[in-house]
Amino acid sequence: MRSETLSCISKQSVMSNVICSCLLGDNARVRLRLSQLLHSEVEALYGDAPEEIYPDICEVELQGCRREFFSNNTGSAFSVGQQVIVESDGGYDFGVVYSTGQIARKKLRLKGLDKSGQEFSVVVRSADESDSQAILDLKTRQAEIRDICVNKIKKHELDLKLVDVELRMDQQKLSVYYTSSHRVDFRTLVRDLAGEFKARIQMVQITTREEARRANDFGPCGCLLCCSSWLQKIHANPFAEKSQYSEASGNESHAFNITGLCNRPKCCLGYSKHEKGCQHHSSSQSQLPSVGSRVATPEGAAVVESIDAQKKLVWLHYEKSDQKRKYPIEKFNALFIKKQG
């Protein structure tokens with residue numbers, strides 16, 4: 001009970017005021033360390049594969065847990081965790097190398113970006129000490145920018161929720177991420193912000209799933225959110241093609257167990273139903289009574305009101321006394337399986 005309460009408090013606090021952690025934060029260090037371990041075992045996992053298309057491609061993590069692919073034309077190899085300066089929409093920005101070599105190329109194929117003629121932005125150079133100090137100063141300034149944006153939104157009385165702000169390293173572009181349930185006319189806000197920061201303003205409306213990803217927080221399981229740590233793409237509905245999930249969720253009485261920080265079904269559940277697990281689930285379903293079936297008990301007729309397949313409980317509603325009682329499935333089958341109507 002206490003853990004559920006703490007998780008609920010964490011959920012409310014995270015989604016009410018999302019502040020994405022710095023690329024140099026603790027969560028980022030954990031992700032980068034895992035990526036380093038994966039790269040150290042790449043030959044054992046994939047073998048000494050020949051050079052493929054895009055041999056100099058590398059994956060770079062940018063602000064907001066965004067990962068994009070860049071061409072490395074510098075002539076020097078980068079290591080995982082190394083800070084680099086990259087091209088960004090007519091300017092330049094900073095990031096951290098997340099994967100290289102075979103692993104980066106495999107991720108490229110998984111995203112469907114390994115097409116002939118595909119062009120990528122390039123890594124300009126490795127970051128030096130002056131760049132690292134500029135990055136830290138930029139992070140400090142972004143906290144002030146966020147406060148200014150909040151005040152500007154209140155001033156213009158706009159019905160939107162500010163999620164995060166990103167000031168590009170060259171300070172020529174400011175991206176404002178927000179959520180809203182309807183279309184918002186923010187033209188006056190953009191003009192106001194452009195005059196304040198002397199930069200190009202980009203308003204980006206995101207979904208609650210993307211908001212949770214930018215939170216870069218821990219889930220109720222105690223691990224980093226899947227969308228922030230390893231998922232390559234956030235799906236609007238990860239269970240669209242998983243009919244077995246809908247069957248199982250019909251018997252789930254605790255929505256908290258299947259809902260993430262974004263108040264949507266957890267992404268990790270889309271990977272928890274394997275083929276063998278589905279067969280086991282189907283066989284166990286055949287031993288369960290159907291909801292609405294009638295049974296005769298010593299206390300009178302009763303109706304199967306609901307079934308919790310995970311906890312293996314059957315809830316009966318007694319018509320005469322209007323009471324409810326739960327039975328373990330084994331006990332229910334032993335007492336009433338032959339008396340179902």
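Modeller: A residue is called buried when its relative accessible area is under 20%, exposed when this is over 50%, and partly exposed in between, with a 1.4 Å probe and protein chains only. This is a predicted model, in which local features need pLDDT of at least 70 and side-chain atom pairs count only at pLDDT 80 or more, whereas totals for chains, interfaces and linings use all residues. Residues are numbered from 1 along each chain as its sequence is written, and side-chain values use heavy atoms, with hydrogens and water left out.

I begin with the charged pairs. Side chains of opposite charge can pair when their charged atoms come close. The count comes to 18 salt bridges, each being a side-chain nitrogen of Lys or Arg within 4 Å of a carboxyl oxygen of Asp or Glu. One of them joins the side chains of R66 and E166, at 3.0 Å from N to O. R66 belongs to the loop between β1 and β2 (67-71), and E166 to strand β6 (residues 161-167), so this pair ties together parts that are 100 residues apart in sequence. Helices (H or I, at least four residues) and strands (E, at least two) are DSSP runs, numbered from the N terminus. E166 counts as buried because its relative accessibility is 5%.

E166 has a further partner in R214, and here the closest N and O atoms are 2.4 Å apart. Since E166 lies in strand β6 and R214 in helix α7 (residues 208-215), the bridge ties together parts that are 48 residues apart in sequence. R214 is buried, with a relative accessible area of 1%. Through shared partners, salt bridges join R66, E68, D164, E166 and R214 into one network.

R214 has an aromatic neighbour as well: its charged end sits over the ring of Y177, 3.8 Å from the ring centre. The rule for such a placement is that NZ of Lys or CZ of Arg is within 6 Å of the ring centre and within 35 degrees of the ring normal.

Another salt bridge joins the side chains of K155 and D192, at 3.5 Å from N to O. K155 is in helix α5 (residues 129-155) and D192 in helix α6 (residues 187-197), so the two tie together parts that are 37 residues apart in sequence.

E59 lies in strand β1 (residues 57-61) and counts as buried at 0% relative accessibility. Its side chain makes a polar contact with the side chain of S99, at 2.6 Å. Such a contact is a pair of N or O atoms within 3.5 Å; within protein, one must be able to donate a hydrogen and the other to accept it, and residues adjacent in sequence count only if both atoms are side-chain atoms.

M169 lies in the loop between β6 and β7 and is buried, with a relative accessible area of 11%. Residues that M169 touches include I85, Y92, F94, D131 and L138, not counting residues up to four places away in sequence; contact means heavy atoms within 4.5 Å. M169 and K139 are 30 residues apart in sequence and 9.7 Å apart in space, C-alpha to C-alpha. Q171 is found in the loop between β6 and β7 (173-179) and has a phi near 60°, a positive value in a residue other than glycine. Q171 is partly exposed, with a relative accessible area of 35%.

Finally, a word on confidence. The chain averages a pLDDT of 76, and 73% of the residues score at least 70; pLDDT is the predictor's confidence in each residue, from 0 to 100. Over residues 1-22 the pLDDT is below 50, and this stretch has 35 contacts in the model beyond near neighbours in sequence. Residues 240-254 stay under 50 too, with 19 contacts beyond four places in sequence. Where pLDDT is low, the predicted coordinates should not be read in detail.
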